[in-house]
Amino acid sequence: MPELLDPLRLTFGYDAFRPLQREIIEAHLAGRDTFALLPTGGGKSLCFQLPAIVRGTGLTVVVSPLIALMKDQVDQLQASGVAATFLNSTLKAAEARTRLAGLHRGEWRLLYVAPERLMLDNWQENLKAWNVTSIAIDEAHCVSEWGHDFRPEYRQLARLRQFLPGVPVMALTATATERVRADIITQLKLVQPAIFVASFNRPNLTYKVLPKDGPLKQIIDFVRKRADESGIIYCATRATTDRVAEALAGRGYAARPYHAGLNADERSLNQELFLRDEVKIICATIAFGMGINKPNVRWVIHHDLPKNIEGYYQETGRAGRDGLPGDCLLLFSAGDAAKQTHFIEEITDAHEQQVARHQLRQTLHYAESAGCRRRELLHYFGEEFPADQCSACDNCLEPRETYDGTILAQKFLSCVYRVQQASRFGSGVNHIIEILTGADTEKIRRSGHDQLSTYGIGRELARPQWSAVARELMRLGHVAQSEGEYPVLEMTKAGMNLLRTREPVLLTKPLSTPKARRVARAGEIACDEILFAQLRALRKQLADDRKVPAYVIFGDATLRQMARVYPATESAMVGIFGMGEKKRAEFAAIFATEIAAYLAQNSRMAFPD
């Protein structure tokens, strides 16, 4: 086995390997297929870059889904004197031909390429002619539909085995559960691979979840204490990304947006300014960061609930890559969960919808858990945290309050039991909560569930509060939720035992109510937030068609009142705030139709006067 420390020191300037790097490199140089799971900042790239240098001849093909990452790594390698290049859609035809000619002459040691280009028919002969001695598949979780960033084109990479037999393959990722790891090995047809799994623990990161309450103010308060530090704010939508960036820039912070709605030049410029520390804050959708090797990101904020734990772990992992302390803040609201549930219901593929529901439940479990955040994250990836507490998350530093939830648990479990007895089949969480709160829905009447003894016995809590209780009882193992297109609640043995014995149950106060009572603000209009979002989207569409600002159609107060009283006919729009005659004539029927369609799929929410 060749000496590795000299090229490590000479080429990269490192005196020692990080955990598992040497073992991975030695297995790969011995000709074995390898699977490497190293956390973000754990040095995955070196595992295939150093062997390419040590070999001295032959080409290492690096499969990467990210154009930005290709250029970034090739720039760094070339600056270190390594013959590396990339081929992707950003190159002009003449430049691409020059690089291809260099590959035929054997001038390059590493070639970065996207999976779809690699699988083009005319590339098979090229690959055979280029003396490929190694294949590295970066972001390998993209091959698994159970991963957080599934890309169908990655599935085609298994065909490389057919025309490059005997060439060792290395699959690398920073985030993969045991299920995803097994899927990667199967899908890529790795042959008796050497498997290396490093610890997922990032001890320098502190994790915190706060109830979302005026997120712009919360973010500004957070950033104000970190004025000289670089950070990333992840948002669920482009509109939110722009709004947060504008709000920060308006207060004198060097902040820029990054999302797919910007043109390529603007995205590239904003990224470059961030990398050069001329911009301190990037407000981004998940499109940003995977191709970034910036080591001094000190904090990461999630403005919205992440879609899955893998994505959250990878995004928070962009903080503190240099090993110095990093802060990770998630702003959580039950409304975000409801929005994601609504989007999931619009997915047409049943299996894809099942995966999305499963991932959302896991994310909610993390966000609402009263236990150690680090323990929760590591457990998700199949790793147990050895200490009782980490002293670096909100729940360990400031443990959450608990309360006697015995009566609430008894009510909920009784309702689940009564429904099963009456119907001989289970029901979903929302239906159980609608029974408890005495909702008048067609489904309840059709099923006769308004005749159950548990109908209306839970009116003391609002539906979001019952949802939090339900999720806590699931976490405690008293009820379970089935998989499938229509998940239903099922009583567990522990739940039946609790129902019989009436043992005391301690529940954790939810994040959304950390104080005894939230004081309503002047002018606040409580409403159905999901319907409000749909009405806002409709308003935007109408405004865009007319090329006017959205408020010219209706202000938010009007939409919020609609989302509170549900005027589902044109005549019911009379008296709605901001609904003058001309606007009623022009828009009432359109908005009433949208509300009626919403009510056909959702029950009304009740709001106090």
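Tutor: In this predicted model, E529, L531, F532, L535, R536 and R539 in α23 meet D556, L559, R560, M562 and A563 in α25. Contact means heavy atoms within 4.5 Å. Helices are DSSP runs (H or I, at least four residues), numbered from the N terminus.

Student: What classes are the residues in the contact of α23 with α25?

Tutor: Six are nonpolar, none polar and five charged. Ala, Val, Leu, Ile, Met, Phe, Trp, Tyr, Cys and Pro count as nonpolar, Asp, Glu, Lys and Arg as charged, and the others, Gly among them, as polar.

Student: At what angle do the axes of α23 and α25 cross?

Tutor: Roughly 135°, and the axes come within 9 Å. That makes α23 oblique to α25. Axes are lines fitted to C-alpha atoms, for helices over the stretch in contact, and angles run from 0 to 180 degrees between N-to-C directions. Under 35 degrees is roughly parallel, over 145 roughly antiparallel, 65 to 115 roughly perpendicular, and the rest oblique.

Student: And how do α15 and α16 pack?

Tutor: Their angle is about 160°, with the axes 9 Å apart. They are therefore roughly antiparallel to each other.

Student: Which residues make that contact?

Tutor: Q362, H365, Y366, A367 and E368 of α15, with R373, E376, L377 and Y380 of α16. Four are nonpolar, two polar and three charged.

Terms used:
Residues are numbered from 1 along each chain as its sequence is written. This is a predicted model: local features need pLDDT of at least 70, side-chain atom pairs count only at pLDDT 80 or more; totals for chains, interfaces and linings use all residues. Side-chain values use heavy atoms; hydrogens and water are left out. Helices (H or I, at least four residues) and strands (E, at least two) are DSSP runs, numbered from the N terminus.
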